[in-house]
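Please read the following briefing beside the sequence and the coordinates.

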Amino acid sequence: MTNNETVAEKIVAHHRSMMEELDALVDRVADAVRRGEPHQAAAKAVANYLAGTVFPHAEAEEKTLYAEAERRTDLAPLVEAMKAEHGLLRESLQHLVAAKDGIDAYGAARALGGLFRAHVLKENEHLLPVLVRDPATDLSALLADMREHLAPHHAGASNDANGEPSTEPAHGDDAGDDVELDVRALPHAQRHQTIFALVGRLQPGRALVIVNDHDPQPLRYQLNALFPGEFGWEYLEEGPDVWRVAIRKQHAG
Amino acid sequence: MPVDRPANGDEAVAALNKLLAEALRALGDAGETDRACRLAASGWALLRETWPREAERLNGVLHYLTQRPITVARRPRGTDGAAGRPEPR
């Protein structure tokens, strides 16, 4: 397997992760409407996920992966169409935000999910395979560039005056940095509580990057139970030995 | 299944939580892993302040459930226009 193929697998897995996460949030809107319960919180979770995870990812792609692809004449029209779909996703989000009732909200949310799924399939099945085979393309470097756009720096977690891990950046002049916490260094009993303490202090737009030796899915469900729709969840590295996840505080919307 | 009558509220919570944990594992084993995980996390959130030991039981259930691909059982077509998702994360 070539290096490009290995990186492409990671990109495809990440796309699948986002697609499934969005589908699950859309399902929650459907569940609320079906039960006759208020749909607003579930709809807001969809909107927050798009604003906090999908759109930043889309912007980073346009600056990196798409910029590389549109230099090829055979991919330029596809890239143009996919950029237009990013715009359509934003328009569809406005329909969701403006929904008058649960039926409107469910329709808009399901349309968003479908549009995103079709968009991801284009990228995974038509754009990436061409780039993988292009010897002039270094997907590894493009992925690194994307990560820089998404999370410019990852500072090590420091301790505050009480000896607790702090969300303050390690260097005082790095006010916009995300914080990285290697939970492998913490006793099991303290891991989740430490993470909850840190994410509770995050400012909107900032992220806590956790490093773990297994997929922290339980934490993801617990965060959603405690703070529905308030945090984005993005895999930066997916095993098999190390998992890195950015938990990003969403902007209020 | 024979059950002992709980002597007080704490024992009742613990007994009910054991039943909930068993039911959630069964739900996950039946293919509704995502649903089971959401319910386990909601239960964990309810218990974590007042009954941390019982919350930890549900945390254990979550770890059990997430050691396999997260799945959603297929709903009959027409219920909401969407088929279940195969092996979502």
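Arg38(B) is found in helix 2 of chain B, where helices (H or I, at least four residues) and strands (E, at least two) are DSSP runs numbered from the N terminus. This is a predicted model, in which local features need pLDDT of at least 70 and side-chain atom pairs count only at pLDDT 80 or more, while totals for chains, interfaces and linings use all residues. Residues are numbered from 1 along each chain as its sequence is written, chains are lettered from A and ligands numbered from 1 in the order in which they are written, and side-chain values use heavy atoms, with hydrogens and water left out.

**Arg38(B) and its surroundings**

- With a relative accessible area of 15%, Arg38(B) is buried, a class that means under 20% relative accessible area, with exposed being over 50% and partly exposed in between (1.4 Å probe, protein chains only).
- Leaving aside residues up to four places away in sequence, Arg38(B) touches Ala24(A), Asp27(A), Arg28(A), Asp31(A) and Tyr221(A), contact meaning heavy atoms within 4.5 Å.
- Arg38(B) forms a salt bridge with Asp31(A), the closest N and O atoms being 3.9 Å apart; the term requires a side-chain nitrogen of Lys or Arg within 4 Å of a carboxyl oxygen of Asp or Glu.
- Arg38(B) also forms a salt bridge with Asp34(B), for which the closest N and O atoms are 2.6 Å apart.
- Asp34(B) and Arg38(B) both lie in helix 2 of chain B, four residues apart, about one turn of the helix, and Asp34(B) counts as buried at 6% relative accessibility.
- Salt bridges that share partners join Asp31(A), Arg34(A), Asp34(B) and Arg38(B) into one network.

**The interface of chain B and chain A**

- On the two sides of this interface, 23 residues of chain B are in contact with 29 residues of chain A.
- The two chains bury about 2100 Å² between them, 49% of it on carbon and sulfur atoms, where buried area is the accessible area (1.4 Å probe) that two parts lose on being put together, summed over both.
- Between chain B and chain A the count is one salt bridge.
- The rule finds two residue pairs in polar contact across the interface, both at pLDDT 80 or more; a polar contact is a pair of N or O atoms within 3.5 Å, and within protein one must be able to donate a hydrogen and the other to accept it, while residues adjacent in sequence count only if both atoms are side-chain atoms.
- On the side of chain B that touches chain A, the elements that give two or more residues are helix 2 (33-47) and helix 3 (52-65) of chain B.
- Helix 2 of chain B supplies the largest share of that side, eight residues.

**Salt bridges within chain A**

- Over all chains, a search of the whole structure finds 18 salt bridges.
- Glu20(A) and Arg16(A) meet through their side chains in a salt bridge (3.7 Å, N to O), and both lie in helix 1 (residues 3-34) of chain A, four residues apart, about one turn of the helix.
- Glu20(A) counts as buried at 8% relative accessibility, whereas Arg16(A), at 41%, counts as partly exposed.
- The side chains of Arg220(A) and Glu21(A) also meet in a salt bridge (2.4 Å, N to O).
- This pair links distant parts of the chain, with Arg220(A) in helix 8 (residues 217-226) of chain A and Glu21(A) in helix 1 of chain A, 199 residues apart.
- Arg220(A) counts as buried at 5% relative accessibility, and Glu21(A) is buried with a relative accessible area of 13%.

**Aromatic rings**

- Four aromatic pairs are held by the structure over all chains, a pair being rings of Phe, Tyr and Trp (its six-membered ring) with centres within 6.5 Å, where planes under 30 degrees apart count as stacked, over 60 as edge-to-face and the rest as tilted.
- The rings of Phe227(A) and Phe231(A) have their centres 5.5 Å apart and their planes at 75°, so the pair is edge-to-face.
- Phe227(A) counts as partly exposed at 24% relative accessibility, whereas Phe231(A) counts as buried at 9%.
- The rings of Trp233(A) and Tyr235(A), with centres 6.2 Å apart and planes at 80°, are likewise edge-to-face.
- Trp233(A), Tyr235(A) and Trp243(A) form one aromatic cluster.
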